[in-house]
Structures are given as C-alpha cells and as structure tokens.
Amino acid sequence: RPTRARARPHVRLPGFAPLVRKASLEEGEVESREARSQLYTMDGPAELEAAEQVVIRLDSSLASTAAASPAAVGGEPMLFDGAGDRTEAERFLRAVDNIRRLAPSSPSVVGSPRRLSSGSGAAAGGGGCSAVQVTMARLEDEFRHLLSSRAFDLEIEALADLTSLCISSDRTNSVSSMDLPAVEEDDSISDCGCRRSSYRSLRSIREIDLLPDDAVADLRAIASRMAAAGYGRECAQVYASVRKPAVDASLRRLGVERLSIGDVQRLEWDALEAKIRRWIRAARAAVRGVFASERRLSFHVFHDLPISNVTVVSVVTAAPATHDTPFVEAVKGAALQLFGFAEAISIGRRSPEKLFKIIDLHDALSDLLPDVSDIFAASKAAESIYVQAVEIRSRLADAVRGILSEFENAVLRDPPKTAVPGGTVHPLTRYVMNYSSLISDYKATLTELIVSRPSASARLAAEGNELAPSLSCLELPEHENQSPLAAHIIWIIVVLEHNLESKVSLYKDTALSHLFLMNNVHYIVHKVKDSPDLWSMIGDDYLKRLTGKFTVAATNYQRASWLKILNCLRDEGLHVSGGFSSGISKSALRERFKSFNAAFEDAHRVQSGWFVPDTQLREELRISISEKLLPAYRSFLGRFRHHIENGKHPELYIKHSAEDLENAVNDFFEGAPPSPHNRRRSHG
C-alpha cells in the first residue's frame, strides 16, 4: 500500500537538532574499535587508496547489478534504499569522509559531479580528485533517489482543517525566534518525534512529514558531505528539481489554477467570486501546510551547510547561496502563482459589487501574513515573496478605498429616468441600504482602511453633471467621536436622500410624490434600526433627522390626498338665510354629496394601485386615514341625511355607509386595482 503523509500539530522548539540514528552517519564518526586501530596503523596515502578502492568497488558493483538486471524495478540499485541492511551505505560514507579528508583540494573543480565523473578526469583514474568526483556523482544519484522514492503521498485532506483556522489568538501570544534559547545540534529528540526549528511558534501552522525520519537523516548526511566537498549548489539543484514538481502538484490538488493577470481580469464577476472563495481556502492550506512543511524539510536537510564555496554571480547582483536556497527554488514559482491571483484582483477594474469579496481577500491575506513572514521573511533569499504579499495586501486596501469612493459617486449619478410605479421603495434605495448594512458588517476591517473623511472634492464630484444636482448645499451631519468610516456611510445616505428628492419631480400627482418619499425614507430608517452596527455609526441625531423627514412626508401625503375630500364634509356653504325662510340649501347639499362621492371613489380607484410595501406602515396609514375620514363622514351623514332622503332618488347622493368607506380604505396601498366585490353600497 502507498505510504501516506502523516500530519502532526505544529510544535516549534528552539534551536535545531538534526535527526540521527544510533548508528549516525555524520562526518567524523568513529565506527568501531577495529576500524580505529586500522586507521592508526595506516599512513595517509595508504588510507586514501583504501578509501578510493571502497568507493570504486561499491559504485562499480551497483552499476554491474543494474546492467545485469535492467528490468529491475526502480532501475539501478541504491545504497540508501530504506532496506534494513545499511552496512554498505555506512561503509561508503566512511570512505567518502576519508577521501575528502585526505585527498588534495581542487578548488577549480566546479560543476555537476555526474558530468565530471564521466569526463576525461575520471577516465584518467586513480587520482584523489577523480575519486571525489565519483563519490559526489554517486551521492547526487542517491540524494535524488531518496527524495523521489521515499517521499510520502501527501494527502490534501490532511490540510483541510487549515482552511478555517484563525490565528488572531496566536499572534498576541507568539514570540519571535530571537526570544528563544539556542539548542545544540546534538540535543536529544523527544520521544514524540517532534523536530526542532528556529522560527516562532504559530499553532495555525500544520507541518506534515514529507519523508520518513530516517530518509531525512540520510539526506542530511549526503548533503553535508556534498557541501563540504564544494558540491553544495549541485545538491541544492537536485533538491529543487525534485521538490518543485511536488509542490506544484500539491497546489493543483488544492485548486490553485495557473491563471495570468489577463485571464483573471477577463473572467465574469460570478465566476471570479467563486474563485476568490476557493483561493482563500487553498491559500490557507498552501501557506500553513505545504510551504511550512517544505520549509521544515529543507531546514533539516540544509541548515548551516555551505551550499556554495563561491559567490554566485548574476547579471544584476552577486550574492552567496545560502542554506535557504533549496527551499526558495522549490516553492518560489508556486508561491508567486498563488499570490499572483490576489495581485490580479487588486489591480482589476473597480466596481461596487466587488467590494466585499475584495475585503474577504484582504482579510485572508492579512491573516496569513504572520505565517508568510515566519516561513519566508527570515531568509534573504525568500524575503521577496513576503514583500510581494505585503504589497498585494496594500493594493487590495487601495482597491477597497477606491471602490467605496466609486460607490458614493454611483449613488449620486443615478439618473432620474422614470418614476417607479405606485410610489414604492426605489431599487436604488434598497441597493444602497443593503450595501450600507454590509459595510457595517465589515466595520472592523473598514475602520482600519478608511482613514479620511469624505473630501470637499468628493462631495462636489458631480458638479456640472446635468444628471446630478448640485451638492454644495448639502451638509454632512457629524457627531462626537465620529469615525471616518461612519462619515462615509452618512455621506452615502445623504447623497441617497438628495437623489431621491430629485426623483420626486417625476410624479405628476403631488400626493404620490409624498408617498414615494415617505416609503423610501421609512425604508432607510428601518434598515438603520435593524442593524445595531449601522445605527451606532450613524448616531441617534442623524436617525432622528431621518425620522422627522419621514413624518413630514407622511403628513404631506395626507394633506395632499385627503384635505379636499374632508372639506366636502364641512357645513360651510350649505346654510341659506334671508327672505321668508332660512335653512339648508338642498341643491348645495346634493352637490356636496356628489363631490364627496366622486373624490373618494377617485381616491379609492387610484390609491389602491399605489403601494406601501411595509405591512406595518401600510396598516398604520390606513388607520390614520380612517380615524380622520370615518368620524367626519358619520357626523356629516347624521346631520344632513334626512334632507336627502326626503327628496327624490336619495341613492344617487348617499352611496356609501361608514362601513363601506372603512372596507374601501382597506384596499388602499395594495399596488393593484380594487376588486368590485370589495365595495358595498348603501341606500340608507
């Protein structure tokens, strides 16, 4: 069965002690009393010759075995194959140590040991230099084989819990590696098998064993000898060439796609929104699991080793390779690909619908930055990855500020166009207030990012635009300790109010225009009261101002709609005096009843089609109308009914009872024409 990677909780311990077996393969080990006595009795040249013979014999023996069994699984047999018998491997390493100690140094020999050992130098045979090249070539092959054949099959499911970890509690309790005491490399390892590391403890990181402990110790043993012989860079290159594809494969399995900035910016927003959600989960697992585990493996293999004994010269700069170089070369491409997605979002087109997903992206990256710093920033070779992540977060913050400003301008510039039917809540009002409620949900992040109040230039941004009225007369309400974010939200609502007032003129019916304003201001007040965070930012004073505006609009509606109807129920103009008689003018009374009937029926027909979407407000408005209309009608009917009933065709003038009016009022503001069955006539 395939060997699976084992996830273990991240426990970082001060200092570093490489894993060793009891029979350690580290340089300078003295194996047995017999071997020591033999060394003491041999002179330098003889000892060197014996070591060279061991190396050449073992290398030739392995090559011969491979030639004799070409179909063998895994190709050429290896010394470090994870089998139980390690005698030959240890003998080979002892011979390598002796050759390196006794052979004359050859600083001019640089390059792949495999290439050099197969060239003319090796063919000349016999020299210490040639023996070193043979040993290095063998060690390079063994190193590559160990990395490839002993690696665990990483289970992405082991990283699943990293996608929801939050490290807010860890940041305050963590300490830097500078605060930790150093531990010598030969300190014993605890029974739990936890490895020691020199960077700070973050419980959010979940390091996973990428290879068995014995394979890591063998890799360290090989790397230390190659580095000591001047082949550290070649060893590092082999390491990167094996681990890089493994890292890339892990990110693919996490769902990280290889997309260019152009690819990302061409995506439709719905598709991009889904990719942002997946990226956030994948980034947490990649940083806290994949990259952290790669960092630890590289640390245990190459820590404190001289990767290169020469200065690496490039066209731009000259710098020595360090023990972090293998790790950087293995993960840099994957890291740049991972953070490249967030970078593409940060420089993309800014539009209001993107705000909250970009905040999510910003928060996810902010949450990861301590881990990114822990993994990458301590190394000069890898620091650029951390710097890039910090810059991307800064650009995401700029994008958030820019989108908020663009949203304010979009609210202002929304053109009047056509009136919404029935004077209901305008779609712009719903959009702006739902948006403002979401802004308050992200208050913690936005309070940090929004550091300046709306500027005078922003307030007058639409001056000169024929679709947007002047803002110079608008005031930005302020209250004590008002944050810049609160000022922006209030400014958005002020601009919304201003926009709604410009839409009032679209209604030819004055009463309907007041109903429209009443509906919309009521919706604003309702949304503020429903969100404690939004209410706290706006403040009681501005909320009272909005409530007052709603009351005024409701009063204006009732006056415009019902004053004329109620005037029909007054006594003025009905009494006559002078001559031989005084009393009630029956013709005037009949006209008064006819005027009332026509006005009320017209109001019933029209205002049943008007719409008040809030159930409670609709009922309160009906009650308010009934409280004014019904008592006035009952009184008028009681005083003058007998004058009509004593004449001809009273049913033409007294068409409604008080109960009929009450039933008819219940049809108002439903947004649909009244049903004929909803009205009952009375003839007295």
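Trainee: How do the axes of α9 and α11 lie, roughly parallel or roughly antiparallel?
Mentor: In this predicted model, the axes of α9 and helix α11 (residues 269–302) come within 11 Å and cross at roughly 160°. Angles over 145 degrees count as roughly antiparallel. Therefore α9, relative to α11, is roughly antiparallel.

Trainee: Thanks! Which hand does the crossing of α9 and α11 have?
Mentor: Residues that meet there include Tyr239 and Arg243 in α9, and Phe291 and Glu294 in α11. By class, this contact has 13 nonpolar, two polar and two charged residues. As for the hand of the crossing, it is right-handed.

Trainee: Where does α9 bend?
Mentor: Helix α9 covers residues 232–254 and reaches 32 Å from its first C-alpha to its last, close to the 33 Å expected. Along the way there is a bend of about 25°, with a proline, Pro245, following within four residues. The residue at the bend is Arg243.

Trainee: How many nonpolar residues does the contact of α11 with α12 have?
Mentor: The crossing here is left-handed. Among the residues that meet are Trp279 and Phe291 in α11, and Phe327 and Leu338 in α12. Alongside one polar and three charged residues, the number of nonpolar ones is 18.

Notes. Residues numbered from 1 in each chain as written. Predicted model: local features only at pLDDT ≥ 70, side-chain atom pairs only at ≥ 80, totals over all residues. Heavy atoms only, no water. Helix = DSSP H or I, 4+ residues; strand = E, 2+ residues; numbered from the N terminus. Expected span 1.5 Å × (residues − 1). Bend = angle between axes of the 7 residues up to and from the residue. Axes fitted to C-alpha atoms, helices over the stretch in contact; angles between N-to-C directions. Parallel < 35°, antiparallel > 145°, perpendicular 65-115°, else oblique. Left-handed = near helix turned anticlockwise from the far one by under 90°. Contact = heavy atoms within 4.5 Å. Nonpolar A, V, L, I, M, F, W, Y, C, P; charged D, E, K, R; others polar.
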